[in-house]
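Please look over the sequence and the structure first, then read on.

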Amino acid sequence: MGDLKATTIKDAIKKWEDDNKESATEAKSIGLQFQWPPIEKMDSSLSVLVNCEKLSLSTNMIEKINGLSALRNLKILSLGRNYIKAFTGLESLADTLEELWISYNFIEKMKGILGMRKLKVLYMSNNSVKEWAEVNKLAEMESLQDLLFVGNPLFEALDESVWRSECIRKLPKLVILDGLPVIRE
């Protein structure tokens with residue numbers, strides 16, 4: 001990017017407020033996606049978004065999940081198309097987050113997501129999960145109903161019908177897998 005400095009969360013929020021003629025503190029849905037220059041860091045500037053229920057930071061250059069502890073009402077978090085390598089940083093959302101859209105990142109391990117007690121929807125296609133052991137861990141998640149997993153190395157390595165039947169067997173609570181309804185015998 002040369003001389004371009006990354007957009008800060010603070011600047012992105014200010015720009016959002018200017019564009020939407022609304023206070024970010026009041027807003028329920030906030031989109032900070034596609035910033036140019038991209039956002040590289042999530043930080044405590046996010047703490048003003050106290051009423052936010054849906055936050056999008058997709059298509060930036062974020063490497064770590066951070067700064068979410070004040071977002072007590074957050075239900076949907078969109079972080080697709082970033083450089084995120086781990087779920088670490090979500091812990092404070094354990095009792096509120098219902099949907100996490102995090103496709104096209106570099107996540108290999110499930111650590112950090114298993115404590116998400118309300119999570120119903122996990123879209124994590126095109127990440128870096130290679131092992132069944134990681135998928136198996138998702139069985140601990142009581143609420144998980146909808147999983148999108150195509151494009152991970154594990155998925156790519158298997159015949160799709162094998163992937164599907166194994167995954168349905170291992171995750172008995174799933175209702176939708178890779179966009180298709182789960183049919184159980």
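T59 is partly exposed, with a relative accessibility of 27%; buried means under 20% relative accessible area, exposed over 50%, and partly exposed in between (1.4 Å probe, protein chains only). The accessible areas come from the Shrake-Rupley method with a 1.4 Å probe, and for residues only the protein chains shown count as cover. This is a predicted model, in which local features need pLDDT of at least 70, side-chain atom pairs count only at pLDDT 80 or more, and totals for chains, interfaces and linings use all residues. Residues are numbered from 1 along each chain as its sequence is written, and side-chain values use heavy atoms, with hydrogens and water left out.

**Overall fold**

- The protein holds four helices and eight strands. Helices (H or I, at least four residues) and strands (E, at least two) are DSSP runs, numbered from the N terminus.
- Read from the N terminus, the order of elements is α-β-β-β-β-β-α-β-α-α-β-β.
- Along the principal axes, the C-alpha atoms of the protein fill a box of roughly 55 × 35 × 25 Å.

**Surface, burial and charge**

- Of the 185 residues, 42% are buried.
- The protein has an accessible surface of about 9600 Å², and carbon and sulfur atoms account for 53% of that surface.
- There are 25 positive and 27 negative charges, and their mean positions lie 3 Å apart. Lys and Arg count as positive, Asp and Glu as negative; His and the chain ends are not counted. The place of a charge is NZ of Lys, CZ of Arg, CG of Asp or CD of Glu.
- Among contacts between residues at least 6 apart in sequence, 41% join residues at least 24 apart. Contact means heavy atoms within 4.5 Å.

**Backbone features to check**

- The peptide bond from W36 to P37 is cis, with omega near -10°. P37 sits in the loop between β1 (29-31) and β2.
- K21 is not a glycine, yet its phi is positive, near 50°. K21 lies in the loop between α1 (9-20) and β1. K21 is exposed, at 73% relative accessible area.
- T59 also has a positive phi, of about 55°, and is not a glycine. T59 belongs to the loop between β2 and β3.

**The loop between β2 and β3: N60**

- N60 is placed in the loop between β2 (54-56) and β3 (76-78).
- N60 is buried, because its relative accessible area is 6%.
- A polar atom of the N60 side chain lies 3.0 Å from the backbone oxygen of L57.
- With neighbours within four places in sequence left aside, N60 is in contact with L32, Q33, F34, Q35, P38, I39, R81 and N82.

**The loop between β4 and β5: I102 and S103**

- I102 is in the loop between β4 (99-101) and β5 (121-123). S103 is in the loop between β4 and β5.
- I102 counts as buried, because its relative accessibility is 0%. S103 is buried, with a relative accessible area of 12%.
- Apart from neighbours within four places in sequence, the contacts of I102 include I65, L79, G80, I84 and F87. I107, L122, Y123, M124 and N127 are also in contact with I102.
- I102 and N126 are 24 residues apart along the chain, and their C-alpha atoms are separated by 9.0 Å.
- The S103 side chain makes a polar contact with the side chain of S125 (2.8 Å). A polar contact is a pair of N or O atoms within 3.5 Å; within protein, one must be able to donate a hydrogen and the other to accept it, and residues adjacent in sequence count only if both atoms are side-chain atoms.
- Leaving aside neighbours within four places in sequence, S103 is in contact with G80, R81, Y123, M124, S125, N127 and L148.

**The loop between β4 and β5: R117**

- R117 is found in the loop between β4 and β5.
- R117 is exposed, because its relative accessible area is 52%.
- Beyond neighbours within four places in sequence, R117 is in contact with A94, D95 and S143.
- R117 and L93 are 24 residues apart in sequence, with 9.0 Å from C-alpha to C-alpha.
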